[in-house]
Amino acid sequence: MPITTVNPTTGALEAEFPAIDDTEVRRRVELARATYDEYRTTSFAERAALTRRAADLMEADAESLAELITLEMGKPIAQSRGEVAKSAACLRYYADRAEGFLAPEPLADPAVVNAAQAYATYHPIGPVLAVMPWNYPIWQVIRFAAPTLMAGNTALLKHASNVPQAALYLDDLFRRAGFPEGAFQTLLIPASKVDAIIRSAEVAAVTITGSEPAGRQVAQAAGESIKPSVLELGGSDPFIVMPSADLDGAVATAVASRTSNNGQACINAKRFIVHADVYDVFVERFVAALESLVIGDPFDAATQVGPLATEQGRQDVIELVENAREHGAAILTGGEKVGEQGWFYRPTVIADIPTSAEIRVEECFGPVASVYRVDSIDQALSIANETRFGLGSAIWTEDDAEISRAISELDAGAVNVNGMTISYPELPFGGVKASGYGRELSAAGIRAFCNQKTVWVR
């Protein structure tokens, strides 16, 4: 895949970048290892000062960086600004908390293990490779880089090939912040080069946010190399609405959850599972709300839905919708391209979906909602769990018993009650089943690539 910026609003080529050659890849990987040997000895206070400086610089660059995000992948400018703010906050979060997260953990009574002292400590392990997606081109990288660098590891980034300017910005950000050369490096390379980097002796671990097939390839290389990995892959999140739900809140949140980032987030709600008692009212309001959204130029402050990031991405959405139509599903609204220029697709609602339709089990990465009518919480949970994915989930209800069952029975990495799936630095984030394994963010995110070392003292 060419390493290019193609404006998804117009389809025009904005910039093209050459991939670095194998010699330069090897130099940078070796530099990451050499830098790690020195950087690992720095104090938490030194790392925190650098990380806070990176946050300061990002905040100073906020408007130009938001415009770059919108140019490269098409999200509405207000959402790009929010991504920048969230990323800077994540840098500060780990600068403030890393030392506490990685503090020694003493055994309350070391005598039970015949010791005077017994405790666990956390230590960095080396260069960590991140394979990152285009849909949150700054946030996805920062939620990896902030804990990685604060732990004392070094970072290598293989970013998506359609957001090279975001990748180069991040390279420059950490350099300007004062991190040593080799602490954070962007590798402009095709995906075909990733396997060899994972297997190289210098790289200690790998993390990926991306597609299920890419995750399988990364996990295989990491497993065969006996290296830790974290996988955050696809999702087909259920959004359950029960009779006691606040319907106004549920509809508004459903619209936001399905269309944020132009419908291109792993944690977008994608399957709306609605009890028969409120199904007709919910669907009528949901369809009307989606039809009222402003579709257009993502640089226009009034726009609520911009283009899909790539032409192929839109084609994938079209094929899933057409497959559902061919198998007898009802298209309640949308189901078509918008305009002659750019990669726009109208927000779509699909109902009466047979089990033979691909969208029943595949992730749809665009503003397309599947709705299901159910007669009970049992049926709702059954449909929610029928896919191979298990990233986020949501349930809208005021019934404590239903809430309890959702928390215990939904096969997902998160359950959101009367809300929508969203990530916070303060909470662990990740999935189960084909949505991956391991956790990012919170204490779990920084400990993922540390050596938890047991210490026993006679």
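A word on the source. This is a predicted model, in which local features need pLDDT of at least 70 and side-chain atom pairs count only at pLDDT 80 or more, while totals for chains, interfaces and linings use all residues. Residues are numbered from 1 along each chain as its sequence is written, and side-chain values use heavy atoms, with hydrogens and water left out.

Now the whole chain. Its C-alpha trace spans about 65 × 60 × 40 Å along the principal axes. A compact globule of 458 residues would have a radius of gyration near 23 Å, and the protein chain has 23 Å, so the two agree. That radius is taken over C-alpha atoms, and the globule rule is 2.2 Å times the number of residues to the power 0.38.

How many of the 458 residues count as buried? The figure is 57%, where buried means under 20% relative accessible area, exposed over 50%, and partly exposed in between (1.4 Å probe, protein chains only).

The protein chain holds 14 helices and 20 strands. These are DSSP runs numbered from the N terminus: helices are H or I with at least four residues, strands are E with at least two.

Three strands make an open sheet in the order E3-E4-E20, with antiparallel pairing. Strand E3 (105-106) and strand E20 (450-457) stand at the edges with a single partner strand each, so one side of each has no neighbour in the sheet. Two strands pair if DSSP finds at least two bridges between them. E3 and E4 are joined by two bridges, and Glu105 has Ala120 in E4 as its bridge partner. Between strand E4 (residues 117-124) and E20 there are eight bridges. Along that pairing, Gln117 stands opposite Val457 in E20, and Thr121 stands opposite Lys453 in E20.

Last, one residue. Tyr372 lies in strand E14 (residues 368-374). Is Tyr372 buried or exposed? Tyr372 is buried, with a relative accessible area of 5%. Leaving aside neighbours within four places in sequence, the contacts of Tyr372 (heavy atoms within 4.5 Å) include Arg271, Phe272, Tyr279 and Ile383. Tyr372 and Asp352 are 20 residues apart in sequence, and their C-alpha atoms are 6.9 Å apart in space.
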